[in-house]
Amino acid sequence: MDGRLTLTVVTPERALLQGVACDEVTLPAWLGELGVLPGHTPLIALLGIGVVGYRDGARRAALAVRGGFVEIAGDAVRILADEAAAPEAIDGAKASAEKAEAESRRGHAAGDEELDAANADARFAEARLAVLRPA
């Protein structure tokens, strides 16, 4: 171990990151936020919807993910996301419109399934907007 992580993020359509060296990764696991440092215990977990953040020294970067799973083995973090968006691929106006549309759908959702879909769409739009506005 060299005290560093390697981060890979792929979707069914493309690879967003491949073997990026970093010091720390945070990600939205299904049941809450998960932080990963070198030497982390091996783990496979379901992904939720949110922001994957990673740090290389003082440089921070992030991308949005929706669903999938993460595998942590050795110092490799492999994210297989159903959907993911890097900052350069996010249209802020479109994400804002999609968030507003999803929030509007909440008010007239016919049942839990429609409400869950509207909530998920709103959270993914929020995650994409958060990636555009780093902390």
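In the predicted model, the count of salt bridges comes to 11. One of these is formed by the side chains of R4 and D56, with a nitrogen-to-oxygen distance of 2.8 Å. This pairing joins distant parts of the chain, since R4 belongs to the segment before β1 (5-10) and D56 to strand β6 (residues 49-56), with 52 residues separating the two. A further salt bridge links R66 and D121, whose closest N and O atoms are 2.8 Å apart.

The domain assignment divides the protein into domain 1 (5-87) and domain 2 (90-132). To the contact between them, domain 1 contributes 13 residues and domain 2 contributes 11 residues. A distance of 22 Å separates the C-alpha centres of domain 1 and domain 2. Between them the two domains bury about 870 Å², and 73% of this area lies on carbon and sulfur atoms. On the side of domain 1, the residues that lose the most area to domain 2 are I49, R66 and P87, which together account for 55% of what that side buries. Between domain 1 and domain 2 the count is 1 salt bridge.

The space within the second largest pocket amounts to about 180 Å³. Its lining consists of 14 residues, and those that lie nearest the centre are A84, A85, A89, F124 and R128.

In terms of secondary structure, at least two lining residues of the second largest pocket come from each of β8 (76-85), α1 (92-106) and α2 (112-132). Strand β8 provides the largest share of this lining, with 4 residues. By residue class, the lining of the second largest pocket comprises 7 charged, 6 nonpolar and 1 polar residues.

Methods:
Residues numbered from 1 in each chain as written. Predicted model: local features only at pLDDT ≥ 70, side-chain atom pairs only at ≥ 80, totals over all residues. Heavy atoms only, no water. 1 Å grid on protein atoms, 1.4 Å probe; cavity = no way out; pocket = protein on both sides within 12 Å on 5 of 7 lines; lining within 4 Å. Points joined across faces, edges and corners; volume = space filled by probe spheres on them. Nonpolar A, V, L, I, M, F, W, Y, C, P; charged D, E, K, R; others polar. Domains from an automatic or database assignment. Contact = heavy atoms within 4.5 Å. Buried area = accessible area lost by both parts, 1.4 Å probe. Salt bridge = Lys/Arg side-chain N within 4 Å of Asp/Glu carboxyl O.
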